[in-house]
Amino acid sequence: MVAGTTLRWRLMPAIHRGQGASGHIMVGGSSLKLTKLLACDAITVLVHIGDHPEEQGLHALQVRWSDSVLLGLGHNPHDFAAAA
């Protein structure tokens with residue numbers, strides 16, 4: 001959904017098939033059309049939501065990022081070991 005939001009796709013109700021909530025679908029294209037800049041923007045949005053879910057009205061815990069993600073974000077995972 002973040003890629004779709006970045007590319008300004010439309011969110012539409014999904015077809016209800018009698019099995020729980022119908023949810024929503026994104027209409028507008030493929031995430032393969034993301035440029036490098038748009039992909040970076042989408043990742044930045046996801047990291048921010050993971051770090052601050054309450055700002056989006058989500059009742060969820062903050063994401064505990066893996067060592068690979070922390071390295072990709074330019075952090076040393078060992079700096080976060082004491083907080084875990």
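Start with the whole chain and its contacts (heavy atoms within 4.5 Å): of those with a separation of 6 or more, 22% are between residues 24 or more positions apart. This is a predicted model, where local features need pLDDT of at least 70, side-chain atom pairs count only at pLDDT 80 or more, and totals for chains, interfaces and linings use all residues. Numbering runs from 1 along each chain as its sequence is written, and side-chain values use heavy atoms, with hydrogens and water left out.

Now colour by secondary structure. Helices (H or I, at least four residues) and strands (E, at least two) are DSSP runs, numbered from the N terminus.

Next, colour by pLDDT, the predictor's confidence in each residue, from 0 to 100. The chain's mean is 80, with 85% of residues at 70 or more. Which element has the lowest mean pLDDT? That's helix H1 (residues 2–6), at 69, while helix H3 (residues 67–72) has the highest, at 90.

The accessible area is about 6,900 Å², 59% of it from carbon and sulfur atoms; areas come from the Shrake-Rupley method with a 1.4 Å probe, and for residues only the protein chains shown count as cover. Of the 84 residues, 12% are buried. Buried means under 20% relative accessible area, exposed means over 50%, and partly exposed is in between (1.4 Å probe, protein chains only).

Now select Val-47, in helix H2. Val-47 counts as buried because its relative accessible area is 17%. Leaving out residues up to four places away in sequence, Val-47 touches Trp-65 and Leu-73.

Hop over to Ser-30, in the loop between strand E2 (24–27) and helix H2 (36–51). Buried or partly exposed? Ser-30 is partly exposed, because its relative accessibility is 28%. Beyond its neighbours within four places in sequence, Ser-30 is in contact with Leu-7 and Trp-9. From Ser-30 to Trp-9 it is 21 residues in sequence and 9.6 Å in space, C-alpha to C-alpha.

Last stop: Met-12, in strand E1 (residues 10–13). With 34% relative accessibility, Met-12 counts as partly exposed.
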